[in-house]
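Here are my notes on this one, point by point. Have a look at the model first, then read on.

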Amino acid sequence: MSHHSSLFDSYSIRRQRPPKNKIGTGVKHDSAISHVMGTATYVDDMLKPQSTLHVAIGKSTHAHARILHMDLSAVWAADGVVDVITFQDLPAKTDIGPVFDGDPLMADKVTEYVGQTLFAVVATSHRAAKKAVLNALIEYEPLAAILTIDDALEQEQFIRPSHFMQRGDTQAELKSAPTRIAGHIHMLGQEHFYLEGQVSYVVPCDDGGLEVYTSSQHPSEVQQLVAEVVDLPFHAVTTIVRRMGGGFGGKETQAAAWACLCAIVAKRQNMPVSMRLDRQDDMVVTGKRHEFSNRYEVGVDEDGKVLGVDMQLAGLCGYSPDLSDAIVDRAMFHCDNAYYYPAAQIAGHRCKTHTVSNTAYRGFGGPQGLLTAEYMMDHIAYTLGKDPLHVRLANLYQNGQSTHYGQPIEHFDLATLMQTLAEDSDYDKRRQQIIEANKKAEAEGNDKRWGLALTPVKFGISFTVQTLNQAGALVLIYTDGTIQVNHGGTEMGQGLYIKIAQVVANEFDVDLDTVKATATRTDKVPNTSPTAASSGTDMNGKAAQNACITIKNRLLEFAAEHFQVNAEDIRFERNHVHIGTKEVLTFADFVLLAYQHRISLSSTGYYKTPKIFYDRSKAWGRPFFYFALGAACAEVEIDTLTGEYKVLRCDILHDVGQSINPAVDIGQIEGGFVQGMGWLTTEELIWDKKGTLASNSPANYKIPTAHDLPKQWRVKLFDRKNEEQTIYNSKAVGEPPFMLAASVWCAINNAIASLGDYKQNPELTMPATPEAVLKAVMRLQGQAWEIASKPDTETIESLTPADDDWGIDDDRVLPQQVAHGKDIEPPASEGQLFDEEPEAIENPNVSTARGPAHSE
Ligand code: MTE
Ligand code: MOS
């Protein structure tokens, strides 16, 4: 019995009932039932022929080393082994860098991170392939490795040139400012921890082409890279993605390598080939969120209003460029969060290290910029002894101003949103109560303290590479009145398919379950952009709508002539088509009639985002179509004796414009918030001194659980339609809520600040693990845990066996002084001295690299 049959109503019921589940209703995810039942098919679940071959990779154990010799004879001899492939066996292109070269499919003579692929084993089972890998004997000559941002900055090792944004005379503003504050903040990376790991399955076709099943956010790029590594034209390769078990950015570029390896083997062996990364492998060999080390110097007036900011952002990119150029740019675009910097000087460095190549992760660098602004706001508030919320509100952008990269601030109601949230959550009253409670706790010798924080989010929506802001869709109507929609976006659990189906159902005013969104395939909609930058619904929704409009116009023209009525008098309504006052047909009967009169019932649709442009050489323009806004108010309780804490309450008010699906949108807000909380509180990536990831499994890397959710949690949508002409005036929702979690970190900071009577900035680090909280508490109480400028390697060494050099640099999360890249001066042409209105330019920054430029 097929478990799918019950998902569809019978034909007779379908034709008669009133429409349901359209735009604005909280319909459940199209795979909700199959997700819960465990019947949703992921790539690894696909039924495959018994003869399918399996691939496993041999990984480098050195961060930076010359590979002197690889003895793979015992690998060949292992049970079930069919083939072994090294760099020399690669048949065509060997580099799969998405924007710039630098990502060899396998290391050739030098390895640049622990986990880099050295060779691949092909065997009759996944297990056999993995076991055979262990038989390899590899001889290395270790080379000096750079493992930290500090070292990369000091040695000026950058994977891409530094970039600068500026406005006004920052140094003059800093000089004349009544108060000048300098600070630094170090943020760790984050493991994506998608539940479904990286996976691929490639089937050779009888015409020499390849069918590629992958878990990728970017099917077109996988198609192109697979074609290039096996030397096929693009049309011979089809990529199919029905769903991912989560991507979060980790499958934007880094799903490609496994598909390429399978494709090479499929061609060599003419057999179907499958490959998956088990969790530990996945954690070690794939890139993560970028670790950042940021510093700032800010001049403020008596109210804490910013007069000028000098900021340096340095991201740890790893060994190759991947998407790091655009990620550090996005950090720079968001280092203001929601605050006006009249004068600003922002430097962004892309540090090259001998570690895995870091990649897209929900927010794409935005969170690392935004948190720097939020940390700075807290720093200003505690230095001046003010309520952090007042400092935030005083600095908020006003309509008519522009950002430090020239984007005009329009339709900006964040102040209203924040004030509404402050009232709804009783911010003022609770703040007073908490201040009192903390005093009382101190007087009574109680170890508990409480903290409260309300922080905003402003997140720019659009890919900053202009080319990527385009999308295509294909709408097919069948003669029973059911509809298929296919588009360039991929489903990773975020509810894109159901939202696009809602768009199509709404356009024809038919039941949602007569519309089906089908697997993303490069042979249906070509040359697609990655599903990223939260733009999936914005772009594919408009493309699908345009396809519907084309078909509708054809149908109207046909009906007007056939029934001899005016086209304006024909209405698609409630599963029916009203032909003036003459006749009412069911939608199904109507399309059947159109078919019988030879009217085409399918169409493509296309969309490109209007208004956007950005001149990177001047660091000036309007890179974003609009901003998504939101705010969160969190209350925490900390234990000053142990550093433990809990989130007692959180109120969220988030702006998704006019929601297409409030249930899905609220799910995105909740999920994003908790994932952000994980990054800022519990998730701690730890590497040993050799550059090996120590936190390589759920046993030693703590993602948030249901237990960590706020005890009281209210999430509301800000009821305001998008002023820009987006699909039904909705707003993108995927990434922005991630940064609402800043409220939790700032609330913990607030609880600690109570120990210094709110007059001293607690030096709380990120993530605020219980250890970090305890250290910050002790520092504020004048106890140990001084801030070391260098990791205490002697202590670490004394704890580890003498013959083993594997210490763990736990002090990397300390707020170390970050070197200011003094010699790295901005070229005169970058940035603007005056706050000019940006002008559209003819040739925006389209990367010159291979294929369509790729980034957010
Ligand atoms: N939600 C789920 N459930 N799973 C995911 O992998 N990825 C996030 C976000 N929400 C993700 C998710 C990221 S990083 C992005 S960019 C957007 O979804 C992409 O989808 P969208 O453009 O359709 O919002
Ligand atoms: Mo999301 S980081 O843009 O895939």
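1. Two strands count as paired if DSSP finds at least two bridges between them, and strands themselves (E, at least two residues) and helices (H or I, at least four) are DSSP runs numbered from the N terminus. On that basis S8 and strand S13 (residues 292-300) run antiparallel to each other and share 9 bridges. Within that pairing, Gly183 has Tyr296 of S13 as its bridge partner.

2. Some housekeeping: this is a predicted model, with local features needing pLDDT of at least 70 and side-chain atom pairs counting only at pLDDT 80 or more, while totals for chains, interfaces and linings use all residues. Residues are numbered from 1 along each chain as its sequence is written, chains are lettered from A and ligands numbered from 1 in the order in which they are written, and side-chain values use heavy atoms, leaving out hydrogens and water.

3. Where does the S8-S13 pair sit? The pair belongs to an open sheet of 5 strands, ordered S7-S15-S14-S13-S8, with mixed pairing. Strand S7 (158-167) and strand S8 (179-187) are at the edges with a single partner strand each, so one side of each has no neighbour in the sheet. From one strand to the next the twist averages 10 degrees, taking axes as lines fitted to C-alpha atoms and angles from 0 to 180 degrees between N-to-C directions.

4. There is also an open sheet of 3 strands, S4-S2-S6, with antiparallel pairing. Its edge strands, strand S4 (110-111) and strand S6 (137-142), each pair on one side only. Strand S2 (residues 65-71) is joined to S6 by 6 bridges in the antiparallel sense, and His69 faces Glu139 of S6 there.

5. Now the ligand. Ligand 1 has 18 residues around it, and Gly247, Phe248, Met492, Gly536 and Gln668 are the closest; "near" here means a heavy atom within 4 Å. By class, the shell holds 5 nonpolar, 11 polar and 2 charged residues (nonpolar: Ala, Val, Leu, Ile, Met, Phe, Trp, Tyr, Cys and Pro; charged: Asp, Glu, Lys and Arg; polar: the others, Gly among them).

6. Which backbone atoms come up against ligand 1? A polar backbone atom of Gly536 is 2.7 Å from a ligand oxygen, and one of Phe248 is 2.9 Å from a ligand oxygen. For Met492, a backbone N or O atom lies 2.9 Å from a nitrogen of ligand 1. These are polar contacts, pairs of N or O atoms within 3.5 Å. The protein buries 93% of the 530 Å² that ligand 1 exposes when taken alone (Shrake-Rupley method, 1.4 Å probe).

7. Two backbone details deserve a look. Phe248 has a positive phi, near 55 degrees, without being a glycine, and lies in the loop between strand S11 (237-241) and helix H8 (256-269). Met766 and Pro767 are joined by a cis peptide bond, with omega about 0 degrees; Pro767 is in the loop between helix H19 (742-753) and helix H20 (770-780). Most residues other than glycine have a negative phi, and most peptide bonds are trans.

8. Finally, salt bridges (a side-chain nitrogen of Lys or Arg within 4 Å of a carboxyl oxygen of Asp or Glu): the structure holds 41. One of them links Arg276 and Asp44, with the closest N and O atoms 3.3 Å apart. The two are 232 residues apart in the chain, Arg276 in strand S12 (residues 273-276) and Asp44 in the loop between helix H2 (32-37) and strand S1 (53-59).

Key. A polar contact is a pair of N or O atoms within 3.5 Å; within protein, one must be able to donate a hydrogen and the other to accept it, and residues adjacent in sequence count only if both atoms are side-chain atoms.
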